[in-house]
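Welcome! Take a moment with the sequence and the 3D view below, and then we will walk through a few spots together.

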Amino acid sequence: MIDRYGRTINYMRISVTDRCDLRCRYCMPAEGIEKVSMSRILTYEEILRICRAAVEIGIRRFKITGGEPLVRKGCTNLVREMKQIPGVEQVTLTTNGQQLTEKIDELAEAGIDGLNISMDSLKEERYTYITGGGDLSRTLRAIDKSICAGIKVKINCLLQKQFNEDEIADFAAFAFEKGIDVRFIEIMPVGYGNPDAGLSNDEVLAVLKERYPQLEQDETVHGNGPAVYYRLPGQGGAIGLISAMNHSFCSSCNRIRLTSQGLVKPCLCYEDGVDLRQALASGDDALKEALEKAVRSKPAGHSFHDRTTVETKAMSQIGG
Ligand code: SAM
Ligand code: SF4
């Protein structure tokens, strides 16, 4: 479906839970966030109905997220069922990787089209610190196993000044060694994210070019998102820069988001959205209309810089 600014909206991020087994400092407070009762979380059947309605309005690519999607039982089966919906072109999932190793075979068998694995440090202690207790070796093991299983893997790394900026070149080396994409993400003022701690992707590019002078922009399409990619001639793997703050990509935004409680958010930046609860009770036509309404109400762009209308919920509650 085309929105009122002429953008094609063909992609939806679906949060299946607000729960998480980690406590990344920019995403969740150490004590966690009050959990939403399971009775208010969409059932898998409801999510599948929403996907079918979404396909009818031209949304054919889906990303399952959270919270941590793999903490919700039956998530791999959701992937399988989504893949069987006629018209669905792609189902991928984003995860912190802590519980992934045990689920890779099931996910591959369910037909997953790709995994985004979040990992902000390659140093054990630092990883444990930023994730509030995570085990780096578990995520590294999951990355290797996913690659062996033939699943397309992308690493998401959120950079923060004076924390992990010294690892930019290490992450690039990791991408080239494993032959996978590593994407550096600018921290956004959503939830607990403090953009003052963030590093602009221009700064990142300068570091990369110093270490790899042969680095060149890669014009091939790598996914659904707004990352700009760089690669080394003749080398597998690439570095993606996702620059929400410093190079706004809103004019080419192609997505809407579904929270685990059934709110469709046209834009990550604002609290407003279309609640699908009533439409779910009314029937599939109402659902389709509600999704169309969400697409029609997509704003021209975010207002992260003036910070006046910024979403107050955490990323884990929205579905990052
Ligand atoms: N738990 C899964 C994970 O970590 O991949 C999925 C949900 S998590 C909210 C999705 C992504 O959002 C992660 O890569 C995380 O780094 C990113 N994220 C969380 N808070 C953010 C913020 N304030 N700005 C930018 N990215 C953020
Ligand atoms: Fe959990 Fe992902 Fe948020 Fe980290 S970024 S606390 S893994 S939801």
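Which residues does N96 touch, not counting residues up to four places away in sequence? They are C20, D21, L22, E68, I117, S118, Y127 and T139, where contact means heavy atoms within 4.5 Å.

This is a predicted model, in which local features need pLDDT of at least 70, side-chain atom pairs count only at pLDDT 80 or more, and totals for chains, interfaces and linings use all residues. Residues are numbered from 1 along each chain as its sequence is written, chains are lettered from A and ligands numbered from 1 in the order in which they are written, and side-chain values use heavy atoms, leaving out hydrogens and water.

**Around N96**
- You will find N96 in the loop between β3 and α3 (104-110); helices (H or I, at least four residues) and strands (E, at least two) are DSSP runs, numbered from the N terminus.
- N96 is buried, with a relative accessible area of 8%; buried means under 20% relative accessible area (1.4 Å probe, protein chains only).
- The side chains of N96 and D21 make a polar contact at 2.9 Å, that is, a pair of N or O atoms within 3.5 Å; within protein, one must be able to donate a hydrogen and the other to accept it, and residues adjacent in sequence count only if both atoms are side-chain atoms.
- In sequence, N96 and I155 are 59 residues apart, while their C-alpha atoms are 9.7 Å apart in space.

**Ligand 1**
- Ligand 1 is surrounded by 18 residues, and the closest are Y26, G67, S118, M188 and M315; a residue counts here if one of its heavy atoms lies within 4 Å of the ligand.
- A polar side-chain atom of S118 lies 2.6 Å from an oxygen atom of ligand 1, and one of E68 lies 3.2 Å from a nitrogen atom of the ligand.
- V190 brings a backbone N or O atom to 3.4 Å from a nitrogen atom of ligand 1.
- Taken alone, ligand 1 exposes 550 Å², and the protein buries 94% of that (Shrake-Rupley method, 1.4 Å probe).

**Ligand 2**
- The residues around ligand 2 are C20, L22, C24, C27, G67, N96 and S316.

**Helix α7**
- In helix α7 (residues 201-211), the buried residues are N201, V204, L205 and L208.
- Seen down the axis of α7, these fall within an arc of 100°, so they line one face of the helix; the arc is that of the directions from the helix axis to the C-beta atoms.
- Their cover includes α6 (168-178), β6 (181-185), β8 (228-231) and β9 (238-242).

Terms used:
Buried < 20%, exposed > 50% of the residue type's maximum accessible area, 1.4 Å probe, protein only.
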